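These are my notebook entries on a structure that I went through on screen. I kept them in the order in which I looked things up.

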Amino acid sequence: MDCLCAGILFADVACAPIPRIPEPGELIPTAHVQLALGGCASNTAVDLARLGFRVAVSGCVGDDPFGRVIIEALEAGGVDIRGVHRLPGIGSASTMIINVQGQDRRFISTAGANTRFTVQHIPLDWVRQCRVFYVGGYLMMPGLETEAMVELFRTARAGGAKTVLDVVLFGGTGYWETLRKILPETDVFLPNDDESEIITGLKEPLAQAKRFREAGAKMVVITMGEKGSLLVTDGLRLKAGVYPVEFVGGTGAGDAFDAGFIAGMLLGEDPVGCLRWGSALGASCVRAIGATESVFNRAEAEEFIRQHHLPIEEI
């Protein structure tokens, strides 16, 4: 397979943008509310499959209606779901997403079955066969914060795969101590600037990237929302802007960026090309309130990249 996506699987309940947050006891109407796929591993897998890559996903859901929604959406998206485990006695992860016009989205979330996901749930033969091994939602899954997970990344790299890591901070502590153990086995680390500030205690994205690099990450790409992205690797530091699109909702934009960046890697692009692919898919995602519904397919992405300029400079 081209990419194995392991990590958090969610069902998202999202509202169309509302003018403001309701007062206590107040009802504010919205154009519609939708139930759709969410979670880093889910979103990234579906986005990559839409680009035509062979993708499998590994994670845990509960034996409940939300779990069925997640599995059906992944399967409909062309993703191999044999690595998804349905666990009895626990609910599936779900998030309520509140979109307010002109503001970043707000989340109310339960981690559900993701807290039961362990290294043993990930098919070892898939790890050895894939070209890219992506883990999304790290630091939210205690069962992956182990030496066995570090060894699994090491196994993937020994087999020729590139390891890609993204994180979600979920009210825990000790992030740095956990993260520094796996960064030396990470080829590409893809946090956002808010997460990076909490993890490192540093405000400047460049300083954050340097800290992650010093801890062993081969390449660090920090996404910064409307401010673009920053890439730091051996002998190269790049600052990219954003593609101009109409913003509707930001849910899934980081995962779409991850998928685009991985697509660039699979297509043999250099770091500049990978930033273009990541930025293009991230831009396509924000045109809708759902995490995957407006993400480009391969032909759309290639045409968009040809027709639009992404400012990228060395710093």
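I took contact to mean heavy atoms within 4.5 Å, and I fitted axes as lines to C-alpha atoms, for helices over the stretch in contact, with angles running from 0 to 180 degrees between N-to-C directions. Helices (H or I, at least four residues) and strands (E, at least two) are DSSP runs, numbered from the N terminus. The model is predicted, so local features need pLDDT of at least 70 and side-chain atom pairs count only at pLDDT 80 or more, while totals for chains, interfaces and linings use all residues. Residues are numbered from 1 along each chain as its sequence is written, and side-chain values use heavy atoms, with hydrogens and water left out.

I looked up the strand order and found an open sheet of ten strands, 5-4-1-8-9-10-11-12-13-14, with mixed pairing, where two strands pair if DSSP finds at least two bridges between them. Strand 5 (80-87) and strand 14 (312-314) are the edge strands, each pairing on one side only. Strand 9 (residues 162-167) and strand 10 (residues 188-189) run parallel and are joined by two bridges; Val164 has Val188 as its bridge partner in strand 10.

Entry on helix 1. I noted that helix 1 (residues 40-50) lies across strand 1 (3-7), strand 4 (55-62) and strand 8 (132-138), and that it runs at about 160° to strand 1.

Entry on helix 2. Its end C-alpha atoms are 16 Å apart, which agrees with the 16 Å that the twelve residues of helix 2 (residues 65-76) should span at 1.5 Å a residue, the expected span being 1.5 Å times one less than the number of residues. Which residues of helix 2 are buried? I listed Gly67, Ile70, Ile71 and Leu74, with buried meaning under 20% relative accessible area, exposed over 50% and partly exposed in between (1.4 Å probe, protein chains only). Seen down the axis, the buried residues of helix 2 fall within an arc of 90°, so they line one face; the arc is that of the directions from the helix axis to the C-beta atoms. They pack against strand 2 (10-15), strand 3 (33-38), helix 1, strand 4 and strand 5, whereas Pro65, Glu72 and Ala76 are exposed on the other side of helix 2. Gly78, with a positive phi near 85°, follows helix 2.

Entry on Ser58. This residue lies in strand 4, and Ser58 counts as buried because its relative accessibility is 0%.
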